[in-house]
Amino acid sequence: MAFQLPELPYAFDALEPHIDARTMEIHHGKHHAAYVNNLNAAIAGTDLENKSIEDILANISQYPMVVRNNGGGHYNHSLFWELMSPEGSAEPTDRMNIHKAITRDFGSFENFKKEFTNAAMTRFGSGWAWLCVNDKDKLFICSTPNQDNPLMDVVDAKGTPVLGVDVWEHAYYLNYQNRRADYLTSFFNVINWHEVTKRYNEANEGASKF
Ligand code: MN3
């Protein structure tokens, strides 16, 4: 069963003015679509066709770089679309489990936001910043280059991502040019905290989503 480009859960212009429609259209319809097509071409006729994307990523050191780059690209973007919403908000409500966990592990939401933004700002070149939960149910922040992610067996800090932000220039250059900090500020206005808290609650259940 070949991997498929998921539908965006909202219209291209739904995240404006924070994320512009043209960026969303190209990001989803060209970049993500290319990762899916290249992944399917790379695994055609192999036993990877029958594995979940999570299983592939967990053993990525065994597979060619083309699978790592495009399998990571497919997973990361499938997650990224779900983590944003036109009903998003800058901060989770006090009642959400993720708010409690962030306060527990980072001292305050403001401190978390500062550390997460710093991880995204200091990722040199292309990559992602992540909020993850480890196998002891503790949250941590990390960043990865290219299309790597914390599910891969090749990264230093392994965990289950519950929030991630794409800091490749293709994610923001049309609207923000070199202003990555402004893009990150805008990203924080459209975060779907219901999805983040759901993923936090499910993190250690091993459920396959894509
Ligand atoms: Mn991207």
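Which residues coordinate the manganese ion in this structure? This is a predicted model, and in it the manganese ion is held by His 27, His 77 and His 170, each through its NE2 atom, together with Asp 166 through OD, at 1.9 to 2.1 Å. Two of them bring distant parts of the chain together, since His 77 sits in helix 3, residues 65-82, while Asp 166 belongs to strand 3, residues 160-166, and the two are 89 residues apart. Both His 77 and Asp 166 are buried.

Strand 3 leads me to the sheet. Three strands form an open sheet in the order 2-1-3, with antiparallel pairing. Strand 2, residues 139-145, and strand 3 are at the edges, where each has a single partner strand, so one side of each is left without a neighbour in the sheet. On average, and with direction ignored, neighbouring strands here are turned by 25 degrees against each other. Helix 8, residues 193-202, packs on this sheet and touches strand 1, strand 2 and strand 3, and its direction makes about 145 degrees with that of strand 3.

Let me turn to strand 1, which covers residues 127-133 and pairs with strand 2 in the antiparallel sense over seven bridges. Within that pairing, Ala 129 stands opposite Ser 143, and Trp 128 has Thr 144 as its bridge partner. The two strands form a hairpin with five residues between them, and in the turn Asp 137 has a positive phi of about 70 degrees. Towards strand 3, strand 1 is joined by six bridges, again running antiparallel, and there Leu 131 stands opposite Leu 163.

Are the residues of strand 1 buried or exposed? Seven of its seven residues are buried, and this holds for both faces, with Gly 127, Ala 129, Leu 131 and Val 133 on one side and Trp 128, Trp 130 and Cys 132 on the other.

A disulfide is a covalent bond between the sulfur atoms of two cysteines. A search of the whole structure finds zero of them.

Finally, the aromatic residues. The whole structure contains 13 aromatic pairs. In one of them, the rings of Phe 106 and Phe 112 have centres 5.5 Å apart and planes at 55 degrees, so the pair is tilted, and both residues are buried. Tyr 172 and Tyr 183, by contrast, form a stacked pair, with 4.9 Å from centre to centre and 25 degrees between the planes. This second pair links distant parts of the chain, as Tyr 172 lies in the loop between strand 3 and helix 6 and Tyr 183 in helix 7, 11 residues apart. Both tyrosines, Tyr 172 and Tyr 183, are buried.

Methods
Residues are numbered from 1 along each chain as its sequence is written. This is a predicted model: local features need pLDDT of at least 70, side-chain atom pairs count only at pLDDT 80 or more; totals for chains, interfaces and linings use all residues. Side-chain values use heavy atoms; hydrogens and water are left out. Donors are N, O and S atoms within 2.8 Å of the metal (3.2 Å for Na, K and Ca); water is not among the atoms, so sites may look incomplete. Helices (H or I, at least four residues) and strands (E, at least two) are DSSP runs, numbered from the N terminus. Buried means under 20% relative accessible area, exposed over 50%, partly exposed in between (1.4 Å probe, protein chains only). A disulfide is a pair of cysteine sulfur atoms within 2.5 Å. Two strands pair if DSSP finds at least two bridges between them. Axes are lines fitted to C-alpha atoms, for helices over the stretch in contact, and angles run from 0 to 180 degrees between N-to-C directions. Contact means heavy atoms within 4.5 Å. Rings of Phe, Tyr and Trp (its six-membered ring) pair if their centres lie within 6.5 Å; planes under 30 degrees apart count as stacked, over 60 as edge-to-face and the rest as tilted.
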